[in-house]
Amino acid sequence: MVKDQEYLNSIASQTIEYSKKLGATDVNVEVVHSISETVNLRNKQLDESNRSDSFAIGITTYINKKKSTISSSNLSKDNIKILTERCIETAKITPDDEFNSLPDKELMAKNFESLDLYDEFHVPNNKKIDILREAEEAASKETKIINTETDFTENKSNFVLANSNGFINGYKTSNFNISCVAVAKKDSQMERDYDFTTKRHFSDLINPKNIGESAAANTVKKLDPKKIKSDKIGIVFDKKISKGILNVLSSAISAGAISRGTSFLKNKIGEEIFPKSLNVIDDPKIKKGLGSKNFDSEGVETNNLKLIENGVLKSYLVDTYYGKKLNLKSNGRCGGTSNLYFENGSMPFETLLKSSKKNLYITETIGHGTNLVTGDYSVGANGFMVENGEFIYPVSEITIAGNFKDIFKNITLANDLEFKYSTNAPTLLVEGMIVAGR
Amino acid sequence: MSNFFKNSDLDNIKAESIVSDTLNNCDDGELYLENSKSESILLDDNKIKNSSYSSDLGYGFRAITGEVVAYSHSNDISKDSILKSSENLKDTLKSKKGTYNHEIPKSNKKYYKDLNPIEEKSQNSKIKILNEVNNYIRSKGDIVSQVTASFLGEHKEIEIIRSNSEVLKDVRPLVRFNVSVVLEKNGKKETGVYGIGGRQSYDEYLKNENWKHVCDEAFRIADVNLKSKPAPAGEMKVVLGPGWPAILIHEAIGHGLEGDFNRKKTSAFHNLMGQRVASEGVTIVDDGTLNLRRGSLTIDDEGTPTENTVLIENGILKNFMQDRLNARLMNTKSTGSGRRESYKHVVLPRMRNTMMLSGKYSQDEMIKSVDKGIFAVSFGGGQVDITSGKFVFNCTEAYEINNGKIGSPIKGATLIGDGPSILKEVSMVGNDMKLDPGIGTCGKAGQGVPVGVAQPSILINKMTVGGTQL
């Protein structure tokens with residue numbers, strides 16, 4: 001069982017008290033306890049079981065405009081004392097930074113809705129194994145599958161965030177995850193793909209049989225890929241990766257990147273950076289949402305935020321420090337977005353595929369080829385050639401490249417949005433990207 | 001060396017008896033204890049932006065029988081907690097019976113000293129250097145729009161208790177100094193990054209104003225990129241510079257030669273042992289024994305002394321990298337490659353310092369032989385799909401080659417290739433092998449560990465360059 005609120009509260013309060021006694025003018029403390037149990041199967045046999053029981057404490061002390069941070073996994077009183085002392089000593093010799101401060105009091109969260117993020121239910125390991133076997137059996141029905149690996153992870157976590165302005169709050173969260181990876185072989189060539197389901201509540205998980213079947217189907221489809229000729233072509237991003245475009249957006253509009261002048265979206269507030277029909281929303285209050293929260297990592301209230309409205313960039317993601325620097329109020333996005341998504345498009349998936357005679361449908365990208373300073377993008381990819389809306393053959397060992405300023409402007413969304421991750425996007429088409437191949 | 005049981009209701013003898021009792025009927029396993037301290041001091045935007053310190057103490061208890069690994073970890077080093085872990089391991093393996101393998105090689109060799117880099121240099125002097133770095137780079141002109149510089153230091157003590165009271169220990173220092181520069185000219189912005197580090201004190205890397213060299217490199221790379229034109233798209237010849245570009249080897253073939261993927265037959269290399277996987281003249285080793293290098297280890301995280309493992313000799317595949325589990329199941333011995341990020345993670349076979357050894361050609365000869373291609377000098381990160389063998393890496397400094405001459409710099413682009421075939425496309429191996437500056441971190445299964453790479457210049461006949469110019 002994860003520790004209750006009372007236990008975490010008392011550690012946080014004592015730490016704040018001790019820091020103040022040592023001369024801290026402000027203090028922020030986070031205490032977390034999490035228990036995670038994972039079971040892995042390979043080819044229907046138990047491969048690994050892993051139990052993790054871990055505490056963490058993070059202490060930030062301020063002496064006026066000086067600041068220092070310390071973290072540890074050891075919650076013993078002695079250790080916390082030693083660490084707090086070290087934290088204060090370090091803060092004393094750290095230069096002033098005029099923007100260092102706790103969040104403004106009036107911005108702190110006051111409404112604590114129940115977001116239904118915790119499921120007490122415990123899945124014993126033998127039940128986990130049964131569930132995974134079901135997934136692997138479904139996957140290995142497909143004869144070309146030569147290897148299956150699955151895992152079931154159950155996470156339970158509780159935390160408290162407290163600061164010396166009197167804020168103290170936290171809550172329990174849980175996560176249940178089933179994933180299945182399959183390897184298929186034809187001649188000497190192998191391919192690998194996967195599917196998974198992650199939910200806050202056990203009973204909401206997708207049937208393991210479906211996960212296994214779709215992992216196998218995804219994998220077998222990839223066999224016998226071709227490398228295509230270099231070309232300028234429309235790229236369709238599968239839902240597995242279309243959300244990546246939102247991750248680029250959120251990194252580029254973080255107040256830190258804007259303030260430091262290292263974002264290609266600096267000074268673009270009020271400008272149309274997406275097509276007029278597009279809206280991007282960050283909604284922290286979705287019940288059972290994988291990214292849901294009542295407040296950000298500084299305790300600031302998080303509310304629904306329309307980042308892109310009719311294609312226009314409406315706001316940055318603002319925390320306290322960079323907010324003060326940019327003369328903006330924190331909008332509760334310290335630590336990033338919550339449940340970020342493109343509002344659903346209007347075009348059916350099939351129509352999107354048929355939008356041009358030839359499109360390249362991408363299911364996976366590899367590499368870290370995004371340059372947030374310039375917006376340049378170049379990554380390895382694989383997927384399928386689509387002609388007249390039909391999947392013709394798998395494609396691999398190619399790259400796709402462009403610049404996000406152009407990519408954003410050339411997006412068309414399908415109407416198949418679903419909430420599978422914390423960041424979600426429907427299938428989307430980007431016209432006129434460059435594919436490098438043969 | 002710290003006493004891990006100092007503040008607990010256990011001592012070494014009691015802990016050793018729990019370990020022996022738990023692992024009696026298992027094939028292998030250990031109690032791994034770790035006490036790590038780390039610091040990060042960051043200068044950004046003309047200010048000391050962050051000064052943080054972290055201390056982490058905990059254990060990971062592992063039992064293995066057959067192919068099954070049971071693992072339980074916690075940061076509560078107490079009798080209750082370790083007994084609970086023991087029950088958990090026994091429960092997972094209750095239907096299995098193994099025979100404990102007590103054999104573990106011993107060595108007295110050490111590749112770094114027992115020093116604590118965090119305490120060796122005062123906070124004030126670290127802050128002073130970061131401020132000097134900022135002033136030095138900004139004095140290069142108005143085009144400097146952002147400077148970020150950081151120190152990262154780590155001190156990790158580990159103790160491995162195996163069945164029958166066998167205890168193995170190591171103390172590992174690690175530091176890194178990193179500089180990133182953003183330049184702006186005529187509305188165009190570009191970044192340059194450079195860093196150095198390894199397993200000794202900060203001052204060894206900073207002395208003789210060596211930090212200025214790091215600043216100059218970061219500035220130079222950003223400046224080159226300001227002049228860059230869009231990169232070409234398509235297949236062409238690629239000349240790789242010496243040193244850090246060896247992450248090509250790390251991604252293209254290194255991961256594919258790790259024991260676990262080959263035991264499970266999910267690596268594209270699993271059935272190629274003894275066969276030609278690279279051109280003649282290509283020899284690749286993975287060496288954990290280089291003094292003071294970032295990827296070096298005196299013992300691995302299972303207690304096995306590290307070694308210099310020959311992976312590919314003159315183009316022929318000779319060995320995989322093994323931890324104890326995969327070595328046992330593949331009927332071979334551990335190569336001292338069993339590593340974990342921390343006590344929170346299971347052991348996996350991993351790379352240490354992966355190196356392609358020198359050949360006979362000069363870099364000039366390679367460039368002269370290319371009609372049309374690119375010359376890639378520096379890289380960001382890379383990634384590989386072990387199963388299909390496809391890998392990528394991102395250039396951060398590259399030039400076009402036209403008619404045997406180096407031309408304009410080109411924008412960063414991803415290069416993609418096929419691991420099992422790429423080394424057969426290597427037609428010239430340079431005589432200028434160089435180690436990387438000591439900055440690599442390798443990710444696998446969510447675990448990051450410090451690694452090194454090295455290579456001479458090489459000419460690859462054909463690779464796909466992911467630019468935008470058709």
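Predicted model: local features only at pLDDT ≥ 70, side-chain atom pairs only at ≥ 80, totals over all residues.
Figure 1. Residues are numbered from 1 along each chain as its sequence is written, and chains are lettered from A and ligands numbered from 1 in the order in which they are written. Ala15(B), Val19(B), Thr22(B) and Leu23(B) are the buried residues of helix 1 of chain B. A residue is buried if 20 or more other C-beta atoms lie within 10 Å of its own, exposed if 12 or fewer, and partly exposed in between, with C-beta atoms placed from the backbone. Helices (H or I, at least four residues) and strands (E, at least two) are DSSP runs, numbered from the N terminus. The four buried residues cover an arc of only 85° around the axis, which puts them on the same side of helix 1 of chain B. The arc is that of the directions from the helix axis to the C-beta atoms. Ile13(B) and Ser17(B), on the other side of helix 1 of chain B, are exposed. The cover over the buried residues includes strand 1 (28-44), strand 2, helix 2 and strand 4 (144-162) of chain B. The 12 residues of helix 1 of chain B should span 16 Å at 1.5 Å a residue, and its end C-alpha atoms are 16 Å apart, which agrees. The expected span is 1.5 Å times one less than the number of residues of the helix.

**Figure 2. Helix 2 of chain B and its cover from both chains.** Helix 2 (residues 79-92) of chain B has 14 residues and should span 20 Å at 1.5 Å a residue; its end C-alpha atoms are 20 Å apart, in agreement. Buried here are Ser81(B), Ile82(B), Ser85(B), Asn88(B), Leu89(B) and Thr92(B). Seen down the axis, the buried residues of helix 2 of chain B fall within an arc of 115°, so they line one face of the helix. The face turned away from that buried side carries the exposed residues Asp80(B), Glu87(B) and Asp91(B). Among the elements covering the buried residues of helix 2 of chain B are strand 2 (45-63) of chain A and, from chain B, helix 1 (12-23), strand 2 and strand 3 (68-74).

**Figure 3. Contact between chain A and chain B.** From chain B, 64 residues are in contact with 58 residues of chain A; two residues are in contact if their C-beta atoms, placed from the backbone, lie within 7 Å. On the chain B side, strand 2 (residues 47-65) gives the most, with 11 residues. That side of chain B divides into 16 nonpolar, 33 polar and 15 charged residues. Ala, Val, Leu, Ile, Met, Phe, Trp, Tyr, Cys and Pro count as nonpolar, Asp, Glu, Lys and Arg as charged, and the others, Gly among them, as polar. Strand 3 (residues 66-72) of chain A runs parallel to strand 2 of chain B and is joined to it by 4 bridges. Ser71(A) stands opposite Ser54(B) in strand 2 of chain B. Two strands pair if DSSP finds at least two bridges between them.

**Figure 4. Surroundings of Gly382(B).** Gly382(B) lies in strand 14 (residues 372-384) of chain B. With 24 C-beta neighbours inside 10 Å, Gly382(B) counts as buried. Leaving aside neighbours within four places in sequence, Gly382(B) is in contact with Gly367(A) and with Ile247(B), His250(B), Glu251(B), Phe391(B), Val392(B) and Phe393(B). Gly382(B) and Val392(B) are 10 residues apart in sequence, with 5.4 Å in space from C-alpha to C-alpha.

**Figure 5. Strand 22 of chain B and its partners.** In strand 22 (residues 458-466) of chain B, 7 of the 9 residues are buried. Strand 7 (residues 233-240) of chain B pairs with strand 22 of chain B in the antiparallel sense over 7 bridges, and Val239(B) stands opposite Leu459(B). Strand 18 (residues 426-429) of chain B is also antiparallel to strand 22 of chain B, over 3 bridges, with Met428(B) opposite Leu459(B). Strand 17 (residues 414-418) of chain B runs antiparallel to strand 22 of chain B and is joined to it by 3 bridges; the bridge partner of Ile416(B) is Thr464(B).
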